[in-house]
Amino acid sequence: MSNSTDELFKNVISHAKEYGFVFQSSEIYDGLSAVYDYGQAGVELKNNLKTYWWKAMVQMHDNIVGLDSAIFMHPTIWKASGHVDGFSDPMIDNKDSNKRYRADQLLEDRIAKLDEEGKTSEAEELQLEMDNALKAEDLPRLKELIIEQNIKCPVSGTANWTDVRQFNLMFSTQVGAIADESDTIYLRPETAQGIFVNYLNVQKSGRMKIPFGIAQIGKAFRNEVIARQFIIRMREFEQMEMQYFVRPGTQKEWFEKWKAARLKWHLALGTDEAKYRYHEHTKLAFYADAAYDIEFDFPFGFKEVEGIHSRTNYDLSQHEKFSRKKMQYFDPEVDPETGKPFGNYIPYVIETSIGLDRMFLLTMINAYEEEDLSTEEKQDSRTVLRLHPALAPVKAAIFPLTKKDGLPEKAREIMDALKLNFNLQYEEKDAIGKRYRRQDAIGTPFCITVDHQTLEDNTVTIRHRDSMAQERVPADQLEKIIGDLVSWKNLLG
Ligand code: ATP
């Protein structure tokens, strides 16, 4: 990471704290690693991102419906899905510092270093060796590679390593009063399984016909060993997932459609296309038949924000096997080739899975600008969040020019007429310029000032966040002016 991007990232993190977007969890107790709280501005931005996703999925598609399944589920679900046996990372400990690392990430860092030093062929060779060891789950080989590469613990500076072991990422807890092995349940590490086990409930009660989708937003939990880069890798995070159930044989076509549709959703926010790229998974999970990530160019490099996966009929078949309940769908449509209905089958699934917290960080980084406003006479600058108006936590701020002459009352009256439609903020403290800066810092698209002229002709000044231009408009037009700019139509229309 170069100095300036490092600086940018640090500034975004401190801005997020200073203006009530993101706080470290349990801060007064020195924090809890990889857990964060969203503050007064953050919760609004997060809710707006959820709304954007939900509307794009559920409201805009008549064959996609929502679901809110419980975080706790029957423990056999995680046996069936493969998470109990396979959802783990290879870990290694340094015996001198007692610090734990992901073996593959130590090697990844080494590969990046070799690349940086121009030792491309060595880097490629190591990558290949590591991929083979990971694929074969050859843990001793991973350790050998770490030793061969003379990789040292950054804390102790020694290469005194333990063996590599698999570490399951699921959190577990106990139900009921008596702690007993059989009562162990897990905090879900993904929201998808809640959709799989409910798919027939939704299909039957909603009379859904294939192809159809089920969308869900909810918390997921992973005991990530290395927690770094702020809200990129958290132990408690939120996912927005949609599982699309299709006829076997049509999955490739649907995969391509969703892959394109999801990037379009990201780009509609006005993000520079060059900041995004697709990354194809070359090492597919054994049951998957295609997988792409959508990656964003964060200050610390390209990083996955969303995955689009073709999961075949693996999960549903596993649940049929483990629950001994039929997971088949009856397709009444006539197959043009045979002239008969397609009949019973277990659908194939295309999944789109986006991390809400990563989307949140991406949005903050994209929007953050330290703008130089200096003129020949004086130096000046502002920090502005150029959020899409539909995402902005506060849509407009209402300022009485002064605290007297009935201006606060008039400002309150204007606010009361608008607050049913928009999230607004009232501010009367400090000079107007200072109040503008505070609103710029949280991305408020409009500041509305009520002055003495307002009392005479019911006009106000409206100041635009991006251009900083001001104009005088009748107060009764505010609803339309604000409404037009912050409308979801601008993103979804
Ligand atoms: P990574 O390789 O970065 O660990 P993953 O491939 O395990 O991610 P998926 O299981 O595909 O991620 O989860 C879907 C999405 O959930 C990811 O694209 C990411 O945005 C988000 N996500 C996954 N793990 C975390 C986490 N620990 N903290 C925040 N978001 C996460």
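The model is predicted, so local features need pLDDT of at least 70 and side-chain atom pairs count only at pLDDT 80 or more, while totals for chains, interfaces and linings use all residues. Residues are numbered from 1 along each chain as its sequence is written, and side-chain values use heavy atoms, leaving out hydrogens and water. Helices (H or I, at least four residues) and strands (E, at least two) are DSSP runs, numbered from the N terminus.

**Helices H5 and H6**

- Helix H5 (residues 103–116) packs against helix H6 (residues 120–135) at an angle of about 165 degrees, and their axes are 8 Å apart. Axes are lines fitted to C-alpha atoms, for helices over the stretch in contact, and angles run from 0 to 180 degrees between N-to-C directions.
- This angle makes H5 roughly antiparallel to H6 (angles over 145 degrees count as roughly antiparallel, under 35 as roughly parallel, 65 to 115 as roughly perpendicular and the rest as oblique).
- Residues of H5 that meet H6 include Leu107, Ile111 and Leu114, and those on the H6 side include Ala123, Leu126 and Met130. Contact means heavy atoms within 4.5 Å.
- The residues of this contact divide into seven nonpolar, two polar and five charged (Ala, Val, Leu, Ile, Met, Phe, Trp, Tyr, Cys and Pro count as nonpolar, Asp, Glu, Lys and Arg as charged, and the others, Gly among them, as polar).

**Strand E12 and its partners**

- Eight of the nine residues of strand E12 (residues 290–298) are buried, so E12 is largely enclosed by the rest of the structure. Buried means under 20% relative accessible area, exposed over 50%, and partly exposed in between (1.4 Å probe, protein chains only).
- E12 pairs with strand E11 (residues 276–280) in the antiparallel sense over five bridges, and Glu280 stands opposite Tyr292 in E12. Two strands pair if DSSP finds at least two bridges between them.
- E12 and strand E13 (residues 301–310) run antiparallel and are joined by nine bridges; Ala291 stands opposite His309 in E13.
- A hairpin of two residues joins E12 to E13.

**Backbone exceptions**

- Most residues other than glycine have a negative phi, and most peptide bonds are trans.
- Ile210 and Pro211 are joined by a cis peptide bond, with omega about 0 degrees.
- Asp430 has a positive phi, near 70 degrees, and is partly exposed at 30% relative accessibility.
- Met468 has a positive phi of about 60 degrees and is partly exposed, with a relative accessible area of 27%.
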